[in-house]
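Q: I'd like to learn how to read a few backbone features in a model. Can we go through them one at a time?

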Amino acid sequence: MICVALPGLAVSTEQGQLTGQGLEGFYRAGRRLLSRCQVRVAGREPLAVQARMTGADRARFVGTLRVSPHAGPDPDVVVERTRSADGTERITLHSAVTRPLRIPVEVALGTDLAALGAIASGTAGPEVPASVHDAGLRWSHGTEASSVTADPPPADALASAGLLRWEFDLPPGGSASVELRVRPDGAGPVRAVGRAATSPFAQAGALGDDPGVQVLMRTSVDDLQALLLRDPAHPADMYLAAGAPWRCGLAPADALAAARMALPLGTRLATGTLRALARAQLAGSRGQSGVIPGPRRDAGGHLPPGCTGTEATLLFPALLAEARRWGMPEHETEELLPAAERCLAWLRTTVGDGTYLCDPQPGGPVRCETQAHAHRAALLGADLLDACGRPGGAGLREWAESLRSAFRTDFWVDDLGGGRPAAARAPDGRPIPRLGATTVHLLDTGLLGGGEPAPGLLDRVQTEQLARLLGSPAMDSGWGLRGLGVKEAGYNPFGHRSGAVRVQETAIAVAGLAAAGYEKEASALLRGVLAAAGAFGHRLPEMYAGQQRTDGSAPLPHPAACRPAATAAAAGILLLTTLAGIRPDAPAGTVTLRPVRSAPLGEITLNGLRVAGAPFSVRVSRLGLAMVEEAAEGLQLGA
């Protein structure tokens, strides 16, 4: 159970006690401030009876005790612990005893002050000795130090044992509380970006026949807020951390992808993300000018690791173009346009006289998904350049057309099943015909003016075949889309890119299939991932095992998955808004609706979204008809 309000984290098991095992503890900026917090009441540990998240940043644990002799099996003291990512824990005792009760409470505390990376790799050191400090305890090691203070102060503090002790006098039916505050030396409480009045997200909501839609929307927005970070040098600009607990910093490709899926909540996150990455853009280095740097990422056993910097560089102009359609102010678009132009100039320079965008490393493959990202960037970038009166659009469209023509032949592998797109082409031109989830990017063509989707790399027949493949049992696990088909060599249901269900790719598949008219396949994947969301308390992890769904089964968590994760939380927004098919064109003053006609979740109402800088609400009936219920003044419904 991970409470998140970056830069603060609190990681717990469902038992509620922090034992110092594994990742348990309170963290600030990647440092464990407290690893052990064990409560004993009347000399015993409470029996854990419930643990649940009450928000993205809070968890509540309930335990019980029997303190009265000869009272039978019924508990008569309830111990409630409320734990927050900001470093506070409130412990409350509730007595059901019919007489006054004096009850001792002790809390055992400890920490190793270890960095998260050291804990993950198993190299964290031993616990640091404690000293009595103020109304609590303090630990220090080298340049690191943390402290716990208690309110009310303890009656006794034992540094050698790491113990704080109280004795509470509870009247019949009475309660008593103590609050612990965990802080690094010299720091105040965590001020989470997402809890401030300047949060970039609209407070969107969802209602419908399926009760899960309301919880999924609320949890997705909460998780996005919990993962917000401010640019240290430009605190007005906010972007998303990739996920907790493993990736609490900026990952450019993930941040851009999440901001794009979260556009229905407003464009302020897109603006902050684009500004931060524009400042990171390389300049002047030969062959790399315009690139947004990013780490390499595993691509499964059949391909070498890919470059997320390439993906981020191609996502930048696409996000800017679509954010403008959703209502980004023109002055912000103009401010960010030079960085988008540098991304597009890098694309054209790198391709040169060729057709395909190759991997940056020598001898690397030509990846299918990279061509999809490049094609989208070219078409949406050309649309953006034309709209802003900048040159270069015609050349980008011409290259995109030549890419489409070549791709439909070079990347299509005919077989007895009707064919499939190749995952990549080897340096010698040989296709690598692995069926995987990265092909969903072929359906994610992007949004042009007038609510029209951009052309895709596949023709109509190929798109229909891809839809059939994605909806087949080999790819659809019943919980979402597998990263690799079950019949492919190297399939592993827990493989990061070789079989696990990745929520982002499932959401892109649902949106792309619905937009292309393949509602049966889109609806099956949608229902599967929503069922998985229910099993995960509607806080979707970035991935989970791709094992086949059966009667009575539940999705298996992936031990290395971030939860919450920026792309998974934003995917929740994309999944729900896909049902209404919202296609805005704010500069033209229109919005087009292309709802999923089969209404797979029955009636659904989405309220509090933002289009053209104003609240936007839409209802989709059980007949699949969409009706706008709130919109910006003057916004017209497109044909």
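Q: Where does proline 564 lie?
A: This is a predicted model, and in it proline 564 sits in the loop between β29 (543-544) and α12 (566-578).

Q: What kind of peptide bond runs from arginine 563 to proline 564?
A: Look at omega here. The bond from arginine 563 to proline 564 is cis, and its omega is near 10°.

Q: Which residues does the cis peptide bond with omega of about 5° join?
A: That one links alanine 244 and proline 245. As for its place in the chain, proline 245 belongs to the loop between β20 (234-240) and α3 (252-261).

Q: How is alanine 42 classed by relative accessible area?
A: Alanine 42 has a relative accessible area of 32%. Partly exposed covers the range between under 20% (buried) and over 50% (exposed), so alanine 42 is partly exposed.

Q: What about phi at alanine 612?
A: Read this one like the last. Alanine 612 isn't a glycine, yet its phi is positive, at about 60°. Alanine 612 lies in the loop between β32 (604-611) and β33 (614-620).

Q: And why does alanine 612 count as partly exposed?
A: Because its relative accessibility is 30%, which falls between the 20% and 50% cut-offs.

Methods:
Residues numbered from 1 in each chain as written. Predicted model: local features only at pLDDT ≥ 70, side-chain atom pairs only at ≥ 80, totals over all residues. Heavy atoms only, no water. Helix = DSSP H or I, 4+ residues; strand = E, 2+ residues; numbered from the N terminus. Buried < 20%, exposed > 50% of the residue type's maximum accessible area, 1.4 Å probe, protein only.
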